[in-house]
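Thank you all for coming.

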Amino acid sequence: MSAFDEMNEAPAAACEALAGSVRSPYRAYKRWLDSAPADLLARRRQEADLMFRRLGVTFAVYSEGGDTERLIPFDVVPRILSGREWRRLERGLVQRVRALNAFLTDIYHDQEILKAGKIPAELITGNPAYLAAMHGVKIARQIYTHIAGIDIVRTGEDDFYVLEDNARTPSGVSYMLENREAMMRLFPDLFGQVRVAPVGHYPDSLLQTLRESAPPNCEDEPTVALLTPGVFNSAYFEHVFLAEQMGVELVEGGDLVVKDDIVYMRMVGGLKRVDVIYRRLDDAFLDPLAFRKDSLIGVPGLFAAYKAGNVTLANAVGTGVADDKSVYPYVPDMVRFYLGEEPLLANVPTYILRRAEDLKYTLNHLDELVVKEVHGSGGYGMLVGPRASKAEIEEFRAKILAKPEAYIAQPTLALSTCPTFVETGIAPRHVDLRPFVLSGETIRVVPGGLTRVALREGSLVVNSSQGGGTKDTWVLEDGLHDPAPLTAQHQSQLQTAGEG
């Protein structure tokens, strides 16, 4: 199965990754690369590794013994999108997140989409991520997913698909920012030749979004804090990084106290009210009085303060139902139902194995499909049929038959490839993209996102825990400022973006 090569006009073999006609987004980069010393990329990769080790840019792997803290592999060849490609993606991302927020508002209030029969009611109200305690709770601006990470895959020139919605606590934005910082340090001359849209203003945009989501009874400038489970969490580096970049307090559960349904954090000079909490721990651990009673990392009384409207939690409690893989197939219907529009970004075709016909087809074509657990993540709990052995397929067949509603299946897509610097030189490797969408008074999308790359030849699994790495994502400013197709919000964003 040939894959779309984002650099070359035609698919290239590994040893011919730079051959043929170069697509327009990569032409300036290709000219620079042709003039660079042969060993430059190897030297810059070594420098990048040292830089990331010094900064402590790591992630944790809990499933294996030994050293669980690892340096996330960073590729020094950027992934490049044209301004026009990005504008199309941005419009689709904004539309999709608007629909997801409308869906979450609806299912926790009037449930009109369930009454209309657009989504099976049991799929929502019986979902483990649906929290009945949130029904009827009014939250500021009715925004549930303030920070969304939408995973995008590409199969052709104009063929972009949403692979997954991350509406709970999407991670990875710190790698996006650190990747850009590293590239600007390692290749300053290149940034003088290629006009790349900035991403460094993301922490300011995030802070502004959080402040805009403060409760109406907030007195002065809202106080924002980032709530972390602590140093043993796999994304702790990101928690520290974002708190520092936003200039807000990084707190753990024991640093917060609730009095009269008001949340305070303990400071040297006494208690200080907190208006907005960017929480990076799961619903179940937030408040031992409301959820898991054995939680030692939550804040007793936090949910009561939340229901009273005295604090905003970002993302909102109960958002997990929107990124459940069994709900994902219905997002295009949400766009039509709530917005009255056709989806600008398509889903990957999906078989819902709770349906008898879909189950039958999947069982007969396991060697052709990718099968995923509806509650799985990180590349675990899935079967990639074309790369699985007969024994693995039969083992997975038994799992599906035992609990078909726990799985979905999708075609094995030929994910696009980007040139990647590996041990043998530059070769194509499969990639995906996670842009980050911020919802406050307006919806903000920083141009780019986190590109994840499957470093193993032929692999389609990009997750860092499964051997994947990351790339800096460049959106070219050429065409990015054309006024007609741009939203008013994007024009405003581009005017205020000062880095570059």
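Predicted model: local features only at pLDDT ≥ 70, side-chain atom pairs only at ≥ 80, totals over all residues.

Residues are numbered from 1 along each chain as its sequence is written, and side-chain values use heavy atoms, with hydrogens and water left out.

Let me begin with charge. Side chains of opposite charge can pair when their charged atoms come close. I call it a salt bridge when a side-chain nitrogen of Lys or Arg is within 4 Å of a carboxyl oxygen of Asp or Glu, and by this rule the count comes to 32 salt bridges. One of them joins the side chains of Arg141 and Glu441, at 3.1 Å from N to O. Arg141 lies in the loop between helix H5 (121-125) and strand E4 (147-156), and Glu441 in the loop between strand E20 (436-439) and strand E21 (443-445), so this pair ties together parts that are 300 residues apart in sequence; helices (H or I, at least four residues) and strands (E, at least two) are DSSP runs, numbered from the N terminus.

How accessible are these two residues? For accessibility, buried means under 20% relative accessible area, exposed over 50%, and partly exposed in between, with a 1.4 Å probe and protein chains only. Arg141, at 46%, therefore counts as partly exposed, whereas Glu441, at 52%, is exposed.

A second salt bridge, between Asp151 and Arg434, has an N to O distance of 2.7 Å. This pair also links distant parts of the chain, with Asp151 in strand E4 and Arg434 in strand E19 (residues 425-434), 283 residues apart. Here both Asp151 and Arg434 are buried.

Arg336 and Glu342 form another salt bridge, their closest N and O atoms being 3.2 Å apart; Arg336 is partly exposed at 37%, and Glu342 is exposed at 51%. Salt bridges that share partners also join Glu6, Arg23, Arg79, Glu85, Arg154 and Glu157 into one network.

Now to the rings. Rings of Phe, Tyr and Trp (its six-membered ring) pair if their centres lie within 6.5 Å, and planes under 30 degrees apart count as stacked, over 60 as edge-to-face and the rest as tilted. A search of the whole structure finds 15 aromatic pairs. Among them, Trp32 and Phe187 are edge-to-face, at 5.5 Å centre to centre with 90° between the planes. Trp32 sits in helix H1 (residues 27-35) and Phe187 in the loop between helix H6 (173-186) and helix H7 (188-193), 155 residues apart, and both Trp32 and Phe187 are buried. The rings of Tyr108 and Tyr130, by contrast, have centres 4.8 Å apart and planes at 5°, so that pair is stacked; Tyr108 and Tyr130 are both buried as well.

Four strands form an open sheet with parallel pairing, in the order E7-E6-E11-E12, where two strands pair if DSSP finds at least two bridges between them. Strand E7 (249-251) and strand E12 (312-314) stand at the edges, each with a single partner strand, so one side of each is left without a neighbour in the sheet. Strand E6 (residues 224-227) and strand E11 (residues 276-279) pair in the parallel sense over four bridges, and Leu227 stands opposite Arg279 in E11.
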